[in-house]
Amino acid sequence: MMSEVAQVDGALNRRMLLGTASAAGVAALLGGCSADRPAYASVPGTGLHAIGASRNIRFGSAFAWAPPGEDAASFGNPAYAALLQAECGMLVAENQMKWQALRPSPTQFDFARFDAMAAWAQQQGKALRGHTLLWHYDRWLPDWLNAYDYGARPEAEAERLLVEHVRTVTARYGTRIASYDVVNEAVDPDAGTLRRTSLSRAMGSAEAVLDLAFHTARAHAPHAELVYNDYMSWEAGNERHREGVLQLLQGFRTRGTPVDALGVQSHLAIFDSGVPVAELVERQSPAWRGFLDAVVAMGYRLVITELDTRDRGLPADSATRDAGVAAYTQGYLELMLSYPQLTDVLTWGLADRYGWLRTFDQRPDGLPTRGLPYDADLRPKPMRAAIAQAFANAAPRPAR
Ligand code: G3I
């Protein structure tokens, strides 16, 4: 019998396609695309979500909003929408639920783009994660909030603003959002201490801000999984970041802050050109297991929220890079999936054609990073097969 993974790179199958893609997506696939636009070039026999589901693992991805038809990682791009439909059981907005997107001013909310994304996800029967109710880092908060005048009673005003934000967002989406990154990246990776923002200065401590965000989320979205999300990773150099996150998680438990899970972003990176990938995996595993053991010992679940793999340490040749990225990702996922506390795996986008790695991460040779499961022409890469194989190899999780 052909394995699930062997089916993955099969040629375009018209019948399967018609069963999974939207009418618009199918039209694009069957000839509606212009020459410089990729069609969804090769359709896997079984979507990643379906492969994961056989082990009670959910697979999903970040996606974006863009004007209909724009060449973007959006549901409004038929080729990309078909990919999301075929592969994902869960979606998360890459940017459109952040304060910068939702809060043009202290007195306004603008839900238009995220509403459209949430509606599409619901229409497609996809679960939705919320990212993020509070990115506690002034670099990514709106300018108006960084310069905000909290007045004569700064603590009360900061509490009012934060509670209003969390309550308004959670009330609007109700049970449509099953899991929230309530707080994102509150730990300074170099110092291991909590970042300060205008909110924490007004309230007197960062802990007070984070606790209030979680308590408010629990009160107004009691159904939802509440996640602390950060990018401490398994590569060397992240030790202080990991220690800072453990301290924060311990503090949540000591204070009775309602946090259910650690979001392990999983922006992986192969930096070192001199070490074979298998050896890197082996070398990094013990410290990483120590970190995860400490997290689950405190009673937290785990979520992989933003998986991608930078390939800076690998040579230019695409095939070599793709094989290295696939092996590294599979080694990582197999370690992660050895923890039954992990049930959701989301990549930060599906295709190298789009996304933050194209602008935020530069290889020394200037070539674009090949860090996602599909390439710039929306063709599946070995990384996709590696994810499928890691799911197929995983022990079934307990049913939810
Ligand atoms: O919306 C404007 C657009 O109008 C303009 O044409 C364009 C020109 O560059 O900029 C657009 O905004 C950019 C936006 O991405 C959409 O592309 C912002 O400048 C840019 O700062 C923003 O970056 C995002 C970043 O978070 C900051 O919000 C990335 O897309 C997004 O992938 C990244 O995601 C973060 C997670 O939220 C948290 N974890 C790390 C992860 C990667 O950095």
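I take a polar contact to be a pair of N or O atoms within 3.5 Å, and I keep that cut-off beside me while looking at the ligand in this predicted model.

For Lys98 I noted a polar side-chain atom at 2.7 Å from a ligand oxygen atom, and for Gln265 an N or O atom of the side chain at 3.1 Å from a nitrogen atom of the ligand. I then checked the area of the ligand, which exposes 800 Å² when taken alone, and of this the protein buries 52%.

Entry on the shell. I counted 14 residues around the ligand, and those that come nearest are Glu94, Lys98, His131, Glu185 and Glu306. Sorted by class, I have this shell down as 5 nonpolar, 5 polar and 4 charged residues.

Entry on the largest pocket. I looked up its space and wrote down about 700 Å³. Its lining is made up of 28 residues, and nearest the centre I find Trp135, Glu185, His267, Trp356 and Phe360. Helix H6 (99–102) gives two or more residues to this lining, as do strand S3 (127–135), strand S7 (267–269) and strand S8 (301–310). By class I recorded 10 nonpolar, 8 polar and 10 charged residues in the lining.

Conventions: Residues are numbered from 1 along each chain as its sequence is written. This is a predicted model: local features need pLDDT of at least 70, side-chain atom pairs count only at pLDDT 80 or more; totals for chains, interfaces and linings use all residues. Side-chain values use heavy atoms; hydrogens and water are left out. On a 1 Å grid over the protein atoms alone, a cavity is a set of points where a 1.4 Å probe fits but cannot get out, and a pocket is an open set with protein on both sides within 12 Å along at least five of seven lines; lining residues have an atom within 4 Å of a point. Grid points are joined across faces, edges and corners, and a volume is the space filled by probe spheres set on the points. Helices (H or I, at least four residues) and strands (E, at least two) are DSSP runs, numbered from the N terminus. Ala, Val, Leu, Ile, Met, Phe, Trp, Tyr, Cys and Pro count as nonpolar, Asp, Glu, Lys and Arg as charged, and the others, Gly among them, as polar. A residue is near a molecule or strand if one of its heavy atoms lies within 4 Å of it. A polar contact is a pair of N or O atoms within 3.5 Å; within protein, one must be able to donate a hydrogen and the other to accept it, and residues adjacent in sequence count only if both atoms are side-chain atoms. Accessible areas come from the Shrake-Rupley method with a 1.4 Å probe; for residues, only the protein chains shown count as cover.
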